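Morning, everyone. One structure today, and I'll keep it quick. Have a look at it first, then we'll go through it.

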Amino acid sequence: MRCTYGHRMLSRAIESVVDQTHTGWRLVIAYDDDRCTGDLRSMRSMPRVTIVKGPDPSNVHTSSYNIMMDPLIRAVKSGFIIFLDDVDQFAAPNTLADIV
């Protein structure tokens with residue numbers, strides 16, 4: 001999940017993953033703005049959640065969306081990848097179970 005600029009919908013996006021009935025998920029969150037850390041603080045103790053600091057988009061001459069993908073992809077060890085932004089949510093708690 002890409003978290004950028006401390007978006008107000010981040011907690012809803014995270015809850016939509018945590019509430020999934022399929023339990024084989026792993027959530028990797030990359031943030032580029034320290035305003036996100038307040039929302040992420042409680043997530044650090046969850047064993048299936050990895051939080052990484054992405055590069056500062058103001059120092060890069062490419063799209064911030066693209067530079068955030070690199071730390072996310074590097075953190076994935078196996079399985080499928082579903083990209084969510086901090087404004088995205090799974091439609092229902094069984095979304096991952098239906099896909100897998």
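Let's start with aromatic pairs. A search of the whole structure turns up zero of them. Keep in mind that this is a predicted model.

There is still a ring to talk about. Arg 48 sits over the face of Trp 25, 3.9 Å from the ring centre. Hold on to both names, as they come back.

Next, salt bridges. How many does the rule give? The count is one salt bridge. Its partners are Asp 85 and Arg 2, whose side chains meet at 3.0 Å, N to O.

Now the overall layout. The protein chain has four helices and three strands. Reading from the N terminus, the order is β-α-β-α-β-α-α. Of the 100 residues in the protein chain, 38% are buried. What about contact range? Take the contacts between residues at least 6 apart in sequence: 60% of them join residues at least 24 apart.

Let's zoom in on Leu 27. Its place is strand 2, residues 27-31. Why is Leu 27 called buried? Because its relative accessibility is 5%, and buried means under 20%. Which residues does Leu 27 contact, once neighbours within four places in sequence are set aside? The list is Met 1, Ile 14, Val 17, Met 43, Arg 48, Val 49 and Thr 50. There is Arg 48 again, the residue over the face of Trp 25. One distance for the notebook: Leu 27 and Ile 51 are 8.4 Å apart, C-alpha to C-alpha, with a sequence separation of 24 residues.

On to helix 3, with two residues to look at. Met 69 is in this helix. Met 69 counts as buried because its relative accessibility is 11%. Leaving out residues up to four places away in sequence, Met 69 touches Arg 2 and Phe 83. From Met 69 to Gly 54, the C-alpha distance is 8.7 Å, at 15 residues apart in sequence.

The second residue is Asp 70, also placed in helix 3. How accessible is Asp 70? At 40% relative accessibility, Asp 70 counts as partly exposed. The C-alpha atoms of Asp 70 and Ala 30 are 9.4 Å apart, and the two residues are 40 apart along the chain.

Last item, the pocket. The largest pocket has a volume of about 570 Å³. Its lining takes in 23 residues. Which of them lie nearest the centre? They are Trp 25, Arg 26, Phe 80, Ile 81 and Ile 82. Trp 25 is the residue with Arg 48 over its ring face. Which elements give two or more residues to the lining? Strand 2, helix 3 and helix 4 do. Strand 2 is where we met Leu 27, and helix 3 is where we met Met 69.

That's the tour. Over to you.

Technical notes
Residues are numbered from 1 along each chain as its sequence is written. This is a predicted model: local features need pLDDT of at least 70, side-chain atom pairs count only at pLDDT 80 or more; totals for chains, interfaces and linings use all residues. Side-chain values use heavy atoms; hydrogens and water are left out. Rings of Phe, Tyr and Trp (its six-membered ring) pair if their centres lie within 6.5 Å; planes under 30 degrees apart count as stacked, over 60 as edge-to-face and the rest as tilted. A charge sits over a ring if NZ of Lys or CZ of Arg is within 6 Å of the ring centre and within 35 degrees of the ring normal. A salt bridge is a side-chain nitrogen of Lys or Arg within 4 Å of a carboxyl oxygen of Asp or Glu. Buried means under 20% relative accessible area, exposed over 50%, partly exposed in between (1.4 Å probe, protein chains only). Contact means heavy atoms within 4.5 Å. On a 1 Å grid over the protein atoms alone, a cavity is a set of points where a 1.4 Å probe fits but cannot get out, and a pocket is an open set with protein on both sides within 12 Å along at least five of seven lines; lining residues have an atom within 4 Å of a point. Grid points are joined across faces, edges and corners, and a volume is the space filled by probe spheres set on the points.
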